[in-house]
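Please keep the sequence and the structure in view while reading.

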Amino acid sequence: MARRRLEIALAGNANVGKSVIFNQLTGLNQIVGNWPGKTVERAEGTLHFEGYSVRIVDLPGIYSLSAFSMEEIVSRDYIAVHKPDVIVNVVDASALERNLYFTLQLLELEAPIIVDLNQVDFAAKRGRRIDAMKLSQALGVPVFPTVAVAGTGIKEMLSTAIAFADPEKKPGALRLRYGVEIEKRVELLEELLETELPQLCATYPARWIALKLLEKDEDVLGKLRNYGRGQKLAEYATSLATELERIHGEPSPVVMASERYAFASKIAREVTIVETLQE
Ligand SMILES: Nc1nc2c(ncn2[C@@H]2O[C@H](COP(=O)(O)OP(=O)(O)OP(=O)(O)O)[C@@H](O)[C@H]2O)c(=O)[nH]1
Ligand SMILES: [Mg+2]
């Protein structure tokens with residue numbers, strides 16, 4: 001019987017353990033051991049598991065909260081254009097709040113994600129335990145704790161990722177709601193985008209484009225300007241962003257980032273158990 005083919009992409013912040021997981025999955029680990037260091041280009045490998053041939057893509061890590069980092073654009077374009085069957089969002093359990101900010105962005109991309117809660121050993125050393133079940137409920141996606149350097153949990157995570165590739169198995173993922181003044185403008189833009197730029201909306205979700213336009217994301221504005229009908233829409237979106245700035249008295253990227261960050265922070269607080277450290 002022919003093997004079923006799947007593609008899984010590893011995405012997340014920088015230095016969370018994506019490459020160690022990639023090596024564990026593709027078997028390179030036995031040869032090179034851990035090879036920490038920034039992944040600049042994406043690495044690819046293939047593994048065979050339970051009748052599946054799985055292509056694994058290791059995406060560059062996201063460094064900052066800035067919407068305009070090259071690594072982030074590479075990662076989000078890869079996810080939107082290639083549409084891997086599953087995105088394994090590798091998260092550093094010892095820096096949950098910061099990492100969840102990117103998770104929320106992946107959810108906005110409407111990407112099929114599961115969360116690999118890595119470095120739980122390091123988090124424990126710092127007196128932090130994360131309730132994976134609670135985190136899974138909050139995000140509406142599966143969450144798996146791992147210690148990549150020891151190989152712990154990797155196989156279970158892979159099984160979950162493969163099961164998750166089945167479209168029938170995707171539960172309802174979290175949808176972040178912004179303040180009404182933002183949502184109103186998102187809705188306006190979403191409708192326009194769907195009627196005026198259906199080609200672009202076939203690649204990127206309309207809601208995501210609308211949110212990025214309100215954040216004045218230069219890369220997305222550029223994508224719009226590639227279309228004749230996009231010019232006017234880009235101008236209109238920018239005028240809506242300026243309205244938001246008047247309401248809030250802050251640049252619109254700051255307004256949007258703060259709401260997202262507050263949300264990430266709330267979830268992180270709810271799922272973190274702070275333990276007393278033993279001497
Ligand atoms: N304690 C502990 N350390 C880990 C774990 N996973 C990875 N590390 C360490 O974290 C560091 C970063 O790992 P990488 O795999 O290079 O991280 P990355 O996400 O690929 O980083 P970028 O390519 O820069 O995005 C390395 O020093 C790893 O040995 C883990 O589960 N526990
Ligand atoms: Mg790497």
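## Terms and model

Helices here are DSSP runs of H or I with at least four residues, and they are numbered from the N terminus. The model is predicted, and the values below are computed from it.

## The largest cavity

The count comes to two cavities of 30 Å³ or more, and the largest cavity holds about 50 Å³ of space. Its lining is formed by Glu72, Arg76, Phe102, Gln105, Leu106, Leu109, Trp208 and Lys212, and the elements that give two or more residues to this lining are helix H3 (70-82), helix H4 (96-108) and helix H10 (206-214).

Which helix gives the largest share of the lining of the largest cavity? That helix is H4, from which three residues come. When the lining residues of the largest cavity are sorted by class, four are nonpolar, one is polar and three are charged.

## Where H1 meets H7

Helix H1, which covers residues 18-26, and helix H7, which covers residues 154-164, have axes that come within 11 Å and cross at roughly 85 degrees. Because angles of 65 to 115 degrees count as roughly perpendicular, H1 is described as roughly perpendicular to H7.

On the H1 side of the contact are Ile21, Gln24 and Leu25, and these meet Ile154, Met157 and Leu158 in H7. Sorted by class, the contact of H1 with H7 has five nonpolar residues and one polar residue, with no charged residues.

Terms used
Residues numbered from 1 in each chain as written. Chains lettered and ligands numbered in written order. Predicted model: local features only at pLDDT ≥ 70, side-chain atom pairs only at ≥ 80, totals over all residues. Heavy atoms only, no water. Axes fitted to C-alpha atoms, helices over the stretch in contact; angles between N-to-C directions. Parallel < 35°, antiparallel > 145°, perpendicular 65-115°, else oblique. Contact = heavy atoms within 4.5 Å. Nonpolar A, V, L, I, M, F, W, Y, C, P; charged D, E, K, R; others polar. 1 Å grid on protein atoms, 1.4 Å probe; cavity = no way out; pocket = protein on both sides within 12 Å on 5 of 7 lines; lining within 4 Å. Points joined across faces, edges and corners; volume = space filled by probe spheres on them.
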